[in-house]
Amino acid sequence: MSEFLIQLKGIKKKYGVGASELMALKGIDLDIMPGEFVAIMGPSGSGKSTAMNILGCLDTPSSGQYLFKGAHVEALTRDQRARLRRRYLGFVFQGFNLLARTSAQENVELPLLYRGDDAKVRRAAASRALQSVGLSGWENHTPSELSGGQQQRVAIARAIVTEPAVVLADEPTGNLDTQRSHEIMGLLVSLNKDHGITVLMVTHEPDMAAYARRMVHFVDGNIAKDVENPHPNNVASGDIDLTETI
Amino acid sequence: MLYSVFMLALRSVRRNMLRSFLTILGIVIGVAAVITMVTLGNGATQAIKTQISSLGTNLLMVNPGQRGPGGSGGGGGGVPHFTAADALAIQAEIGGVVAVAPLGRASVTVVANGRNWATSVSGSTNDWFETGNWKLANGRIFELEEQVAGSAVCVIGETVRREIYGGTEGLTGLGKLLRVKQFSCEVVGILAAKGQGGMGDQDDLVVVPLQTLQRRITGSRKVDVLMVSMQDGADSVPLKASLRQLMRERRKLAEADDDNFNIFDTQQLAETLSSTTKVLTTLLGAVAAVSLLVGGIGIMNIMLVSVTERTREIGLRLAVGALEREVLLQFLIEAVVLSALGGLIGIIIATAASYSLSMLMKVPYVFDPFINFLSLVFSAAIGIVFGYFPARRAARMDPIEALRHE
Ligand SMILES: Nc1ncnc2c1ncn2[C@@H]1O[C@H](COP(=O)(O)OP(=O)(O)OP(=O)(O)O)[C@@H](O)[C@H]1O
Ligand SMILES: [Mg+2]
């Protein structure tokens, strides 16, 4: 019906009640086409994470419409949203959010478990995903045995193992040094360019936003600026082989 | 789906070894304590029952004196003793009686085969073997002439046989002479062993005809106890009443006089003792159940402590697409597996402990399926209550709320 992947229409999000009431989003309109690479920027507290959580179906808007592939997400039940996440979405968090005492391999297999894939399929897909983020040979390491950059790469592998339509990353480089941040950005660019995955990313750093082809600026719960980036930075860090396929 | 969620739960149990171990520990201790206590209690009850039934079932013992059993007041303080005629009168006049044995007793040291042994000698009729449920391992009981004449013949208990003659159980000693005080008697029979128990060693005795005891050992016509065995299924209440009436008449008691004898009923003893041990078993079980409860609280603690980590884990699982019910099922299975495992380990430990303890305490090992089942169910219930409910709270949150949980 529509060629838009995502459409937000007048999305509002209210936290708290009464005196402590706070409008985190004051009526957001946003259209995203398949295959876009969007960086969301803005000052702290401007509602970026709130918007990302709604986009990722992890949270529900107070009012407004959210259409994903033309379907009304705000009308879905909890389980339906879970199935939508399971099928179309992948998440990368600032704090990695890997399961402790659990190998990289099993962490990456996690989303496949809930799809009901059998062990063989899971193992093969997880290995491929780990390989594509340059972590072949690290399958049996637990998070505590991996560096921050490696942990975030495991998290990216987990996000892409289901071959999602969209990867949502909220400050994916927020806990990493510059060198590691560029490596992660290289990976996201590769996902977007080589595999056609739509990438939505929140970042504070202009250097990282420069990889995106579109920048959306939030200010105080509203979108202040929505601009194309005609010359996205797509120079790979060179540390890892990004031509490797998923 | 069930299978994969089950595997998930198992993996989670294995991954969090320390937490799982601590969770299980409380249950293991609780279950093991409950089962061991109850099993030992049952064993003790069983032991007492066996002991009493080996005394002879449906047995009444008439003792002189007013107070309780055991002949402690026997004959003392001017209370007239019984005679062999009393036994004959009971046999003749009271219905429902199978056998009546007048019994006289004395402490002696027996000598033979170069050894001596301090024991007790009982003088009675052949009815005594029946009233006491005695079987012969070897030989015979007394001939009529021997009883009338007070011949020097005896039947010995297994302990006496072992101490004097040694050798194989129930075999040696038959036909030999045994010196009892100043005369020697021929061993004509050997009693089958009844074994050790709470009532002392019942096999430590020598039996002679009543006449023999009275003439050659005590030198008096006195009888200490009358052993009366009733027919199977006979109602002991009317029988005891008419027995009492008869004894009062024979002892010439006036209407106002108190009984100067007492009738002791083994059936009653059995009931009293086994209800006592039942109370004890229940008490021990209750104490142990408290430890099971403490184990449950231990589980609750551990579950609460780990709830922060777990809430974020649940948030993540929901974020990557797990349904609420899948997460719940996983945690439910995890909790049940942990506590059932704890219950099983507890049962194994309890079985080993109660088996070896009952060997040590010389009581029979009685497996009680009910208490085992109950403990298992109870531990599973504890797991569900304390493991599942914190998880349910988390699984109902919005994924982002659970993910942010500090
Ligand atoms: N769960 C919540 N309850 C109440 N208020 C909240 C909650 N989450 C966010 N807010 C408020 O909503 C506003 C927007 O928060 P949000 O996390 O979206 O900001 P952000 O742009 O991601 O900021 P940052 O760059 O610091 O991550 C803030 O004022 C914040 O305090
Ligand atoms: Mg934020």
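Biologist: Which backbone nitrogen lies 3.0 Å from a polar atom of the side chain of B:Asp368?

Modeller: This is a predicted model, and in it the backbone nitrogen of B:Phe370 lies at that distance from the side chain of B:Asp368. B:Asp368 itself sits in the loop between helix 11 (324-360) and helix 12 (369-395) of chain B.

Biologist: How far away is the nearest side chain of opposite charge to B:Asp368?

Modeller: The general idea is that side chains of opposite charge can pair when their charged atoms come close. For B:Asp368, which is buried, the nearest such side chain is B:Lys278, 11 Å away, and B:Asp368 has no salt bridge; a salt bridge needs the nitrogen and the oxygen within 4 Å.

Biologist: How many salt bridges are there over all chains?

Modeller: The count comes to 28. One of them joins A:Glu106 to B:Arg15, with the closest N and O atoms 2.7 Å apart, and this pair crosses between chains, from helix 3 (residues 104-113) of chain A to helix 1 (residues 2-15) of chain B.

Biologist: Is B:Arg15 buried or exposed?

Modeller: B:Arg15 is buried, because its relative accessible area is 18% and the cut-off for buried is under 20%.

Biologist: What separates B:Arg161 and B:Glu158 along helix 6 (residues 158-165) of chain B?

Modeller: They are separated by about one helical turn, because they stand three residues apart in that helix. Their side chains meet in a salt bridge, 2.7 Å from N to O, and both residues are buried. Elsewhere, salt bridges that share partners join B:Arg19, B:Arg310, B:Glu313, B:Arg317 and B:Glu334 into one network.

Biologist: Which residues lie nearest the centre of the second largest pocket?

Modeller: Rolling a probe the size of a water molecule over the atoms shows where empty space is left. In the second largest pocket that space comes to about 410 Å³, and of the 19 residues in its lining, A:Phe93, A:Gln94, A:Asn97, B:Ile400 and B:Arg404 lie nearest the centre. The elements giving two or more residues to this lining are helix 1 (48-55), strand 6 (89-92) and strand 7 (166-170) of chain A, together with helix 13 (399-404) of chain B. By class, the lining holds nine nonpolar, five polar and five charged residues.

Notes:
Residues are numbered from 1 along each chain as its sequence is written. Chains are lettered from A and ligands numbered from 1 in the order in which they are written. This is a predicted model: local features need pLDDT of at least 70, side-chain atom pairs count only at pLDDT 80 or more; totals for chains, interfaces and linings use all residues. Side-chain values use heavy atoms; hydrogens and water are left out. On a 1 Å grid over the protein atoms alone, a cavity is a set of points where a 1.4 Å probe fits but cannot get out, and a pocket is an open set with protein on both sides within 12 Å along at least five of seven lines; lining residues have an atom within 4 Å of a point. Grid points are joined across faces, edges and corners, and a volume is the space filled by probe spheres set on the points. Helices (H or I, at least four residues) and strands (E, at least two) are DSSP runs, numbered from the N terminus. Ala, Val, Leu, Ile, Met, Phe, Trp, Tyr, Cys and Pro count as nonpolar, Asp, Glu, Lys and Arg as charged, and the others, Gly among them, as polar. Buried means under 20% relative accessible area, exposed over 50%, partly exposed in between (1.4 Å probe, protein chains only). Lys and Arg count as positive and Asp and Glu as negative; His and the chain ends are not counted. A polar contact is a pair of N or O atoms within 3.5 Å; within protein, one must be able to donate a hydrogen and the other to accept it, and residues adjacent in sequence count only if both atoms are side-chain atoms.
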